[in-house]
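Here is a short briefing to read with the structure open beside you. Take it topic by topic and look up each residue as you go.

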Amino acid sequence: MTDRPLTGRMREDGAALDLRAYERAGGYAALRDALRRLAPAEVQKRVKDSGLRGRGGAGFPTGQKWSFVPMGADAPHPKYLVVNADEMEPGTFKDRLLMERDPHQLVEGVILSAYAIEADVAYIFLRWAYKLSEARLARAIAEAYDAGYLGRQILGSGYSLELRLHISGGRYMAGEETGLINALEGRRANPRSKPPYPAVVGLWGRPTVVNNVETICNVPHVIGRGAEAYRKLSATGEGGTKLYGASGRVKRPGLWELPLGTTIREILEEHAGGMRDGVRFRGLLPGGASTDFLVDEHLDAPMDFESLQKHGSRMGTGTMIVLDDRTCPVGMIRNLEEFFAQESCGWCTPCWAGLHWVADILRDFEEGRGEMADLDTLAAHARLLAPGNTYCALAPGAAEPLQSGLRHFRDDFERHVREHRCPWR
Amino acid sequence: MLSDEERHEIEAELTRYPTRRAASIDAMRIVQRHRGWVSDEALRDLAPLIQMTVDELDGVASFYNMIFRRAVGRHVILVCNSVSCWMLGAGRLLDAAAAAAGAPQGGTSADRRFTLLPIVCLGACDHAPVLMVDGDLHHDVDPADAASLLARYE
Ligand SMILES: Cc1cc2nc3c(=O)[nH]c(=O)nc-3n(C[C@H](O)[C@H](O)[C@H](O)COP(=O)(O)O)c2cc1C
Ligand code: SF4
Ligand code: FES
């Protein structure tokens with residue numbers, strides 16, 4: 001049986017593990033041990049050595065992010081840890097499982113991570129749509145306070161932490177690290193320019209670390225097992241397991257915790273059961289809406305950060321969206337770009353103006369008004385949306401399915417022009 | 001005027017942040033939970049409580065998708081139109097929901113029973129297409145079942 005630290009102890013019936021069940025399964029042991037025996041710097045070191053990289057999309061090494069936080073007696077306080085539970089990336093549904101089924105795992109991860117950066121207050125920034133997560137997290141937090149895992153002098157140690165749940169007003173940009181900080185302060189979720197980085201100047205001007213739910217849920221296992229054992233969980237050495245997912249016309253859409261670096265083919269064929277009868281695979285976005293398309297020739301690539309980058313895409317959130325031959329690729333890209341256009345915060349011209357323009361052109365293709373020259377216009381927009389031209393990563397993310405779609409599905413675009421209609425309609 | 005209950009709930013939120021402004025979104029969510037939406041009058045009542053101007057508060061309200069600045073029906077239907085649901089028939093589901101609810105996309109039925117809104121990914125893409133009514137998530141919805149599903153919401 002494969003070792004599944006994140007999901008292995010979840011109940012089959014879909015109920016959440018309560019505090020007693022979580023403790024019986026070994027929960028909060030890593031926290032007890034760390035508070036007794038490890039200094040914050042040692043917790044940080046273990047996380048750094050484990051190779052853990054952020055599971056929210058960008059894949060930044062977690063230990064390194066923490067190391068930018070000012071520590072010790074002269075550090076400004078209060079310091080903050082924020083859990084990014086906004087999960088607004090289309091095609092992504094992995095954090096919801098972790099919060100609904102094992103909320104204490106997240107709470108323990110929060111306490112350990114907050115301890116590592118000597119944070120005083122932690123917030124969980126939760127998507128408004130996740131009602132069940134909200135109820136189960138609220139209950140788990142209350143249980144953790146009652147048991148002395150939160151609040152003053154945790155388990156008799158000198159460390160204190162308050163944990164609060166915030167429900168988002170709902171906007172893709174509220175999941176972007178600095179947009180999220182603005183949202184928590186009660187502002188519009190526009191991004192902030194960096195530097196200064198949030199680790200130094202974040203929430204209310206204080207040092208702040210923002211990490212994804214899945215990232216934080218890994219921390220108790222890194223501490224509990226040790227960096228070496230944790231690293232060995234992966235298939236390719238990048239460290240740990242990953243919650244992979246698939247949606248679209250596959251036989252068994254869902255989520256699976258597998259060694260990080262499992263191949264795309266194994267996920268697609270063994271776990272998702274392959275394509276539904278009667279449809280053929282055309283391509284996939286490996287990690288949510290804002291990643292580049294991969295096609296047949298990439299199926300043997302391991303789903304890890306470095307391999308997908310080598311193949312011109314990104315791991316993103318690790319939940320793949322599968323395109324089949326009954327779906328028009330132009331229509332799919334139009335749907336994605338309409339999402340990005342709608343969610344743009346309006347600060348940078350290539351984004352707010354460019355994305356509406358892109359969506360208009362794509363609609364033209366679908367309605368039979370596309371021209372060959374429009375393909376160059378789309379490619380030019382993709383270049384303008386690229387990293388370096390905008391304040392945040394929404395625009396570069398929007399460019400990814402567009403630029404790769406133009407490359408891999410060029411024939412489909414051209415057919416729309418030649419036939420003056422969408423061949424799928 | 002804010003009700004005592006609303007005021008009480010907002011005061012509780014205010015204790016959870018170091019600034020009053022930080023509770024602005026929570027405060028509007030509380031009003032919306034009680035009244036269905038956030039009117040101009042509600043903004044005027046909230047602004048002094050969280051020490052923002054009415055315009056600043058409206059600027060925050062208008063940024064977020066889930067703060068309604070227009071009146072809605074008794075039940076709000078949110079149909080996901082993001083990519084995985086789009087591939088699996090969200091368009092047909094939206095049409096079926098509109099017909100069953102008697103409400104246009106983005107609008108409210110004449111009897112004010114339903115408001116129908118397209119919404120971005122609801123995080124249940126493995127069960128596409130999905131819709132949400134008043135916070136209840138409905139999975140793998142067949143457009144043919146939209147009418148019987150909505151009949152449950154009087
Ligand atoms: C437009 C946009 C939306 C984002 N939404 C999310 C989100 O919903 N959840 C998330 O964890 N990260 C999201 N991110 C990534 C965050 O900016 C940030 O990188 C992440 O939360 C860091 O956590 P990690 O290092 O643990 O991955 C988003 C980024 C962008 C540009
Ligand atoms: S890239 Fe888009 S979403 Fe990001 S700051 Fe610029 S306009 Fe706003
Ligand atoms: S795309 Fe509809 S729930 Fe994610």
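What percentage of the 154 residues of chain B count as buried? The figure is 56%, where buried means under 20% relative accessible area, exposed means over 50% and partly exposed lies in between, using a 1.4 Å probe and protein chains only.

Before the details, two notes on how to read them. This is a predicted model, so local features need pLDDT of at least 70 and side-chain atom pairs count only at pLDDT 80 or more, while totals for chains, interfaces and linings use all residues. Residues are numbered from 1 along each chain as its sequence is written, chains are lettered from A and ligands numbered from 1 in the order in which they are written, and side-chain values use heavy atoms, with hydrogens and water left out.

**Chain B overall**

- Chain B has 7 helices and 5 strands; these are DSSP runs numbered from the N terminus, with helices being H or I of at least four residues and strands E of at least two.
- Along the sequence, the order in chain B is α-α-α-α-β-α-α-β-β-β-β-α.
- Taken along the principal axes, the C-alpha atoms of chain B fill a box of roughly 50 × 30 × 25 Å.
- Among contacts in chain B with a separation of 6 or more, 60% come from residues 24 or more positions apart; a contact means heavy atoms within 4.5 Å.

**Ligand 2**

- Around ligand 2 there are 13 residues, each with a heavy atom within 4 Å of the ligand.
- The closest of them are A:Cys345, A:Trp347, A:Cys348, A:Cys351 and A:Cys392.
- This shell consists of 10 nonpolar residues, 3 polar and no charged; Ala, Val, Leu, Ile, Met, Phe, Trp, Tyr, Cys and Pro count as nonpolar, Asp, Glu, Lys and Arg as charged, and the others, Gly among them, as polar.

**Cysteines**

- A search of the whole structure finds 0 disulfides over all chains, a disulfide being a pair of cysteine sulfur atoms within 2.5 Å.
- A:Cys328 is in no disulfide, and its nearest cysteine sulfur, on A:Cys422, is 3.8 Å away.
- A:Cys328 counts as buried because its relative accessibility is 5%, and B:Cys80 is buried too, at 2%.

**Backbone features worth a look**

- A cis peptide bond links A:His77 to A:Pro78, with omega about -5°; A:Pro78 is in the loop between helix 4 (62–67) and strand 1 (80–85) of chain A.
- In chain B, the bond from B:Ala128 to B:Pro129 is cis, with omega near -5°, and B:Pro129 is in the loop between strand 3 (114–119) and strand 4 (131–133).
- A:Gln153 has a positive phi, near 50°, although it is not glycine.
- You will find A:Gln153 in the loop between helix 7 (131–146) and strand 3 (162–167) of chain A, partly exposed with a relative accessible area of 42%.
- A:Trp204, also a residue other than glycine, has a positive phi near 45° and lies in the loop between helix 8 (177–184) and strand 4 (208–212) of chain A.

**A buried lysine**

- A:Lys94 belongs to helix 5 (residues 94–101) of chain A and is buried at 1% relative accessibility.
- Not counting residues up to four places away in sequence, A:Lys94 touches several residues, including A:Arg55, A:Glu87, A:Glu214 and A:Lys242.
- A:Lys94 and A:Gly254 are 160 residues apart in sequence, and 9.3 Å apart in space from C-alpha to C-alpha.
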